[in-house]
Amino acid sequence: MTARRFNKRLAVFMGTALLVLVFLFGMTFYWQVIAAPKLRAEASQQSRVTKTLPANRGAITDRNGEQLAVSKTMATVTANPKQIKDPAAVAAQLATVMSVSQDDLLAKLTKKTGFVYLARKIDPSIGDRVKALKIEGIEVISEEMRYYPAGSLASQLLGFVGLDNVGLAGVEKEYNTVLAGTAGKMTVVKDLKGNRLATESVQEAVPGADLKLTIDEDIQFEAEKVINEVVTTYHAKKACAIVMDPKTGEILAMANTPGVDANQYGSATDAEQRNSAVVDSYEPGSTFKMVTVAAALEKKLVTPDTKFELGSTITVYDRVVHEAHAVASKRNLTVTQILAQSSNVGAVTIGLQVGKSALVDMIKRFGFTQKLGIDFPGETKGIMPAAERWSGTTIANVPMGQGISVTPLQLATAYSAIANGGVLVQPHLAKDAVKPWSREAVSSTVAAELREMLTVTVEDGTGKRARVAGYEVAGKTGTAQKIDPKTGKYDNNRYVSSFVGMVPAAAPQLVILVTVDEPASAHLGAYVAAPAFSQIASFALKTLGIPPTAQD
Amino acid sequence: MPTASRQTWMDAWEGDLNPSAAARRSAARVGARTSATRYYGREATARLPKPAPEAPRSQPLAEVKVRTTGRTRPWFMLAGVAAVALILLTVVYILPVMMNSSTTDLEAATGRLQSKQTELVRAGADLSAQVAGLSTPQRVAEVATKLGLQPAASVHYLQINAGMAVAEGTATVANR
């Protein structure tokens, strides 16, 4: 039998080898089992990139397809300050190319963050020059910017979008969901150099739909041009014009002054950004007398030829109502003449006959003191004291358009009802997105009578300057005193001049309203607003190819 | 010519070749016996004579010398194994790598095309914006004014009575 000898060195070697093996197995188990999920996730994060696919914002066009708002591609320069090795040198380089303050850039580049915008939506050519510098940590990406090709045209109507292309005002805000579309998402696998290896998932972006407005670019331009001239001529504070199709409720133009460049909307004041036609209300003055007369006609209290014996003033409780101009102490005027000569005394006399409840009812039937539901944000409903809170003298104010405030849009829509055989149609701005409601405001007989009476107003009354060669015009002038906010009383030096009318009078196809706020050199609507109406109407009739109806 | 004795001998020989009647009967009996089932049964088998044991060979067989080619066969096998391994390697590793490579190339090409598409769409939108900017009423009015054009002071509408056919070149139009 061979004697077995214990080999110490072999035992040490074997033991060490065993320990190494155990260690190796342990480490393998750790990396493969315990740490595996975390490592897998980290690897996935490093190689997978999820990118948002921006949805292109839809364009806004006028009724003829002319583009009013489109999107342009601009360059945005971003930085990862953690990757910038020499911020001062980079700031100096970029400041030269981007023409911005070096100190501002340096402040951004030394921020303790992984991402910072250096410039957003700048000229793409500048972006290309920045890209050409190939600075580590500086990236140039493309971003969409809203662009309004016509500059100030319909700027208060169109509104604007924010830096993230979200509509913040006007039609841009109202139809943001339609225009914006839905952003997509794409996850790709990339290698260390950033090369795309595989597409893991794609959710395509859905571009926003284009929006066609009822606006006619040419008529809008003319309306803006005319009211700007009026503001300049009469040193007015501001002006507003509405051109409307009475049959459909489509707004063909909605102009405001001053013109604001929609591409620089942020630099305009709040007052300049307002679409006064919809969001501001004013005392309509004499243009509101039509409502009083309509109530009397509808109630069959009067006919257009009913005569009234009027004095130069009328007293209702402690309120003495005067005429706007000197008149004889005793006059016999028909209802038509009361409207044509814009008699305050006559309107109050008729209003007293109509009574509070019938007048309030007619005011509501014409859509005043309530929102018309136009597709524009911030519509106001106007102000009128509740019928039960009318004082004794309220009935002496409201019939002639005082003590009540309405929006220009409400007034234009009410006159559209007269033009449309007594049917009130919801005004709207989007061509095919709105199904407008309609309801009867007055009977077609009363509407026809009012059109006749308003034609006389233009032919022989206060609205002579609103005439359009070749066409019969029906309309009404208005000169409303404004209340002095300090005294709370009507100011004799501050007026809102207006004219609202329809053309051709026999079968109106257009209703046009012009209001001029605080004209300084003249204040009567007949002188300030009526000629503007005539100019706009003349242009719109030619543009739309509406043939003449009257023989000159 | 054979002699008589020889002829006799030959006849006898041929006579022997033709079985006699007794011989034919005997053969028929044997045939009947062997064709019977019983002939191959256990009894018949039992009756079969056992073969005589082979006598042992007295001399041993000569040693056969086989010439071996021991070195040639493993080489063939190794080559075969290598070839199979190569094929397997190709199938298992190289083919997927090649496929991945081509997929990656396609992916990169798709990415480039998508970028190009985006660029083209954007370029189209930018051009459209430029055109829109050039055709605004304000610009048209400015250009028209520079060219000495003015809006028409009045517009005359022609009334064409129904039923009057007007054709180019006729006396009606030319008034000749």
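A crossing of two helices counts as right-handed if the near helix is turned clockwise from the far one by less than a right angle. In this predicted model, H9(A) passes H20(A) in a crossing of that right-handed kind.

**Helices H9 and H20**

- Helix H9 (residues 217-234) and helix H20 (residues 530-544) of chain A have axes that come within 10 Å and cross at roughly 165°.
- Angles over 145 degrees count as roughly antiparallel, and H9(A) and H20(A) are therefore roughly antiparallel to each other.
- On the H9(A) side, the contact is made by Asp218(A), Ile219(A), Glu222(A), Ala223(A), Val226(A), Glu229(A) and Val230(A).
- H20(A) contributes Ala532(A), Gln535(A), Ile536(A), Phe539(A), Ala540(A), Thr543(A) and Leu544(A) to the contact.
- By class, the residues of this contact between H9(A) and H20(A) are 9 nonpolar, 2 polar and 3 charged.

**Helices H3 and H4**

- The axes of helix H3 (residues 87-98) and helix H4 (residues 102-109) of chain A cross at roughly 135° and come within 8 Å.
- H3(A) and H4(A) are therefore oblique to each other, and their crossing is right-handed.
- From H3(A), the contact takes in Pro87(A), Ala88(A), Val90(A), Ala91(A), Ala92(A), Leu94(A), Ala95(A) and Met98(A).
- From H4(A), Gln102(A), Leu105(A), Leu106(A) and Leu109(A) take part.
- The contact of H3(A) with H4(A) has 11 nonpolar residues, 1 polar residue and no charged residues.

**Helices H12 and H14**

- Helix H12 (residues 289-298) and helix H14 (residues 344-354) of chain A cross at roughly 40°, with axes that come within 9 Å.
- This pair, H12(A) and H14(A), is therefore oblique, and the crossing is left-handed.
- H12(A) makes the contact through Lys289(A), Thr292(A), Val293(A), Ala295(A) and Ala296(A).
- The residues of H14(A) in the contact are Asn344(A), Ala347(A), Ile350(A), Gly351(A) and Val354(A).
- The contact of H12(A) with H14(A) is made up of 6 nonpolar, 3 polar and 1 charged residues.

**The second largest pocket**

- The second largest pocket holds about 690 Å³ of space.
- There are 31 lining residues, and the closest to the centre of the pocket are Ala324(A), His325(A), Asn344(A), Thr479(A) and Leu524(A).
- Elements of chain A that give two or more residues to this lining are strand S15 (319-322), strand S19 (474-483), strand S20 (490-503) and helix H19 (525-528).
- S19(A) gives the most, with 5 residues.
- The lining of the second largest pocket divides into 9 nonpolar, 17 polar and 5 charged residues.
- Asn344(A) is among the residues closest to the centre of the pocket and also belongs to the H14(A) side of the contact with H12(A).

**Backbone features**

- Most residues other than glycine have a negative phi, and most peptide bonds are trans.
- The peptide bond from Thr257(A) to Pro258(A) is cis, with omega near -5°; Pro258(A) is in the loop between strand S12 (251-256) and helix H10 (270-273) of chain A.
- The bond from Val503(A) to Pro504(A) is also a cis peptide bond, with omega near -15°, and Pro504(A) lies in the loop between S20 and strand S21 (510-517) of chain A.
- His235(A), which is not a glycine, has a positive phi of about 50°.
- His235(A) sits in the loop between H9 and strand S11 (238-244) of chain A.

Notes:
Residues numbered from 1 in each chain as written. Chains lettered and ligands numbered in written order. Predicted model: local features only at pLDDT ≥ 70, side-chain atom pairs only at ≥ 80, totals over all residues. Heavy atoms only, no water. 1 Å grid on protein atoms, 1.4 Å probe; cavity = no way out; pocket = protein on both sides within 12 Å on 5 of 7 lines; lining within 4 Å. Points joined across faces, edges and corners; volume = space filled by probe spheres on them. Helix = DSSP H or I, 4+ residues; strand = E, 2+ residues; numbered from the N terminus. Nonpolar A, V, L, I, M, F, W, Y, C, P; charged D, E, K, R; others polar. Axes fitted to C-alpha atoms, helices over the stretch in contact; angles between N-to-C directions. Parallel < 35°, antiparallel > 145°, perpendicular 65-115°, else oblique. Contact = heavy atoms within 4.5 Å.
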